[in-house]
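Okay, thanks for making time, everyone.

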Amino acid sequence: MLTHFLPVIIVVLSNTFYHISSKSTAQDANPFASLFVTYSVAAIITLILLLINTHFKSVLHTFTQLNWASFVLGIAIIGLEFGYIQAYRFGWNISVCSLICSVLLGIILLFIGILVYREQMTKQQFFGIILCLMGIFFSTKK
């Protein structure tokens with residue numbers, strides 16, 4: 001059971017630190033300098049984990065198994081992180097910005113799931129979308 005929820009726990013904990021760090025990025029710092037340091041740390045840790053995970057064997061072979069998604073993911077992550085840093089600099093509250101982005105993302109991914117991956121929308125998901133949109137309305141109402 002724990003192995004089923006472990007990835008979710010990792011995502012939630014990582015997202016928590018992610019948003020705290022994004023909100024805490026120095027206001028005067030160039031966001032791209034900040035992202036450069038972020039990715040340098042991530043690259044070093046990822047390289048160490050790659051070497052450990054492959055037991056120093058066939059590291060080059062693992063790169064031949066990649067496809068376009070790894071490159072697009074890199075571009076998407078830069079947009080994601082730059083967007084959050086800027087949103088927090090423009091005064092978004094940490095409690096509202098992430099909520100709104102996550103709700104909108106969930107709705108978009110629901111439709112992508114239906115259109116691209118042939119997933120089915122249930123009544124519960126439809127009503128969930130309605131409730132999420134209501135949540136955005138009430139979260140942003142002043």
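Let's start with a cysteine: does Cys 97 count as buried or exposed, going by relative accessibility? Cys 97 comes out at 3% relative accessibility, so buried. Keep in mind that this is a predicted model.

Now, who's around that sulfur? The closest cysteine sulfur to the one in Cys 97 belongs to Cys 101, and at 4.2 Å that's too far for a bond. A disulfide would need the two sulfurs within 2.5 Å. So Cys 101 isn't in a disulfide either, and the structure as a whole has 0 of them. As for Cys 101 itself, its relative accessibility is 33%, so we call it partly exposed.

Okay, on to the helix pair. Here I mean α5, residues 94-115, and α6, residues 123-140. They pack at about 155°, with the axes 10 Å apart, and that angle is why we describe α5 and α6 as roughly antiparallel. The cut-off for that is over 145 degrees. The crossing of α5 and α6 is left-handed.

What meets what between them? On the α5 side you've got, among others, Val 96, Leu 99, Ile 100 and Phe 111, and on the α6 side residues including Ile 129, Cys 132, Leu 133 and Ile 136. By class, that α5 and α6 contact has 12 nonpolar residues, 3 polar and no charged ones.

Last stop, Gly 113, which also sits in α5. Gly 113 is at 3% relative accessibility, so that's buried too. Leaving out residues up to four places away in sequence, Gly 113 touches Arg 118 and Glu 119. From Gly 113 to Ser 139 it's 26 residues in sequence and 26 Å in space, C-alpha to C-alpha.

Note on methods:
Residues are numbered from 1 along each chain as its sequence is written. This is a predicted model: local features need pLDDT of at least 70, side-chain atom pairs count only at pLDDT 80 or more; totals for chains, interfaces and linings use all residues. Side-chain values use heavy atoms; hydrogens and water are left out. Axes are lines fitted to C-alpha atoms, for helices over the stretch in contact, and angles run from 0 to 180 degrees between N-to-C directions. Helices (H or I, at least four residues) and strands (E, at least two) are DSSP runs, numbered from the N terminus. Angles under 35 degrees count as roughly parallel, over 145 as roughly antiparallel, 65 to 115 as roughly perpendicular and the rest as oblique. A crossing is left-handed if the near helix is turned anticlockwise from the far one by less than a right angle, and right-handed if clockwise. Contact means heavy atoms within 4.5 Å. Ala, Val, Leu, Ile, Met, Phe, Trp, Tyr, Cys and Pro count as nonpolar, Asp, Glu, Lys and Arg as charged, and the others, Gly among them, as polar. Buried means under 20% relative accessible area, exposed over 50%, partly exposed in between (1.4 Å probe, protein chains only).
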